[in-house]
Amino acid sequence: MTDPEELPGTADTPVARILGDAGSLAATDPASTGALWRLAEPGRQLDANLIRIPPQGSIDAHAEPDLDVLLLVVAGDGTLGSADGPHPVESGSLVWLPHGSVRSVTAGENGLSYVTVHRRRPGMQIKGRPGV
């Protein structure tokens, strides 16, 4: 293993950091639902979220038109609905959701927690009217 003091870099060089433990975050208050954590580091090129769905809860069918999404189940189990039918998922399942694909997620009887990762969306921009 390399001694961190031997690695090249300057004060402006980005530094790798451990942001947390997905298993521990997913194990917090079982009543919590929705986004439990979001990647918020400045200058990032990725977005990531830790999502919890309560037991038997679901996220309706939808499609992401612009971004591929990687989904990693970190706790619980459930079903991923897709155009080719339902797919069971459980802790450790790694799923690629290509842009344009329709999907839904339904949690099992113990709920479902998963991390999503995708390219960061560009910020909203105000543009002038065409022809002005």
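User: Contact means heavy atoms within 4.5 Å. In this predicted model, which residues does serine 93 touch, not counting residues up to four places away in sequence?

Analyst: Start with the place of the residue. Serine 93 lies in the loop between β5 (85-90) and β6 (94-97). Leaving out residues up to four places away in sequence, serine 93 touches Leu71, Leu72 and Val73.

User: Is serine 93 buried or exposed?

Analyst: Buried means under 20% relative accessible area. Serine 93 has a relative accessible area of 17%. That value is under the cut-off, so serine 93 is buried.

User: What pattern does the protein follow along the sequence?

Analyst: Take the elements first. The secondary structure comes to one helix and seven strands. Read along the sequence, these give the pattern α-β-β-β-β-β-β-β.

User: How many bridges join β4 to β5?

Analyst: A hairpin of two residues joins β4 to β5. Serine 82 stands opposite glycine 85 in β5. The two strands run antiparallel, and the bridges joining them number six.

User: Where does β2 find an antiparallel partner with eight bridges?

Analyst: β2 pairs with β1 in the antiparallel sense over four bridges. Tryptophan 37 has leucine 50 in β2 as its bridge partner. On the other pairing, arginine 52 stands opposite serine 113 in β7. The antiparallel partner over eight bridges is β7.

User: Why is β2 said to be largely enclosed by the rest of the structure?

Analyst: β2 covers residues 46-53. Look at how many of its residues are buried. β2 is largely enclosed because the buried residues, out of eight, number seven.

User: Which residues have the most contacts inside the largest nonpolar core?

Analyst: In soluble globular proteins, nonpolar side chains tend to be buried together. Here the largest nonpolar core has 13 residues. β2, β4 (69-82), β6 and β7 (102-119) each supply at least two residues of this core. Those with the most contacts inside the core are Ile53, Leu112 and Tyr114.

User: Which residues is isoleucine 53 in contact with, leaving aside its neighbours within four places in sequence?

Analyst: Isoleucine 53 is among the core residues with the most contacts inside the core. Leaving aside the neighbours within four places, its contacts are Ser58, Ile59, Val105, Ala107, Gly111, Leu112 and Tyr114.

User: Is tyrosine 114 buried or exposed?

Analyst: Tyrosine 114 is found in strand β7. Setting aside residues up to four places away, tyrosine 114 touches others including Asn49, Leu50, Ile51, Leu71, Leu72 and Val105. Its relative accessibility is 6%. Buried means under 20%, so tyrosine 114 is buried.

User: What separates the C-alpha atoms of tyrosine 114 and leucine 94?

Analyst: Along the chain, tyrosine 114 and leucine 94 are 20 residues apart.

User: Which elements give two or more residues to the nonpolar patch on the surface?

Analyst: The patch is formed by Leu70, Leu72, Leu94 and Trp96, with about 420 Å² of accessible area together. Leucine 72 is partly exposed, at a relative accessible area of 35%. Leucine 72 is found in strand β4. The elements that give two or more residues are β4 and β6.

User: Which residue forms a salt bridge with aspartate 47?

Analyst: Side chains of opposite charge can pair when their charged atoms come close. Aspartate 47 is buried, with a relative accessible area of 15%. The closest N and O atoms of its salt bridge are 2.9 Å apart. The partner is arginine 44.

User: What phi does glutamine 56 have?

Analyst: Glutamine 56 lies in the loop between β2 and β3 (58-63). Its relative accessible area is 55%, so glutamine 56 is exposed. Glutamine 56 is not a glycine, yet its phi is positive, at about 65°.

User: What distance separates the C-alpha atoms of leucine 36 and arginine 52?

Analyst: Leucine 36 sits in strand β1 (residues 34-38). At 25% relative accessibility, leucine 36 counts as partly exposed. Arginine 52 is 16 residues away along the chain, and the two C-alpha atoms are separated by 6.9 Å.

Methods. Residues numbered from 1 in each chain as written. Predicted model: local features only at pLDDT ≥ 70, side-chain atom pairs only at ≥ 80, totals over all residues. Heavy atoms only, no water. Buried < 20%, exposed > 50% of the residue type's maximum accessible area, 1.4 Å probe, protein only. Core = buried A, V, L, I, M, F, W, Y, C linked by side-chain atoms within 4.5 Å. Patch = residues over 30% accessible without salt bridge, like charges linked within 9 Å, V, L, I, M, F, W, Y side chains within 5 Å. Areas by Shrake-Rupley, 256 points an atom, 1.4 Å probe, with all protein chains shown as cover. Salt bridge = Lys/Arg side-chain N within 4 Å of Asp/Glu carboxyl O. Pairing = 2+ DSSP bridges.
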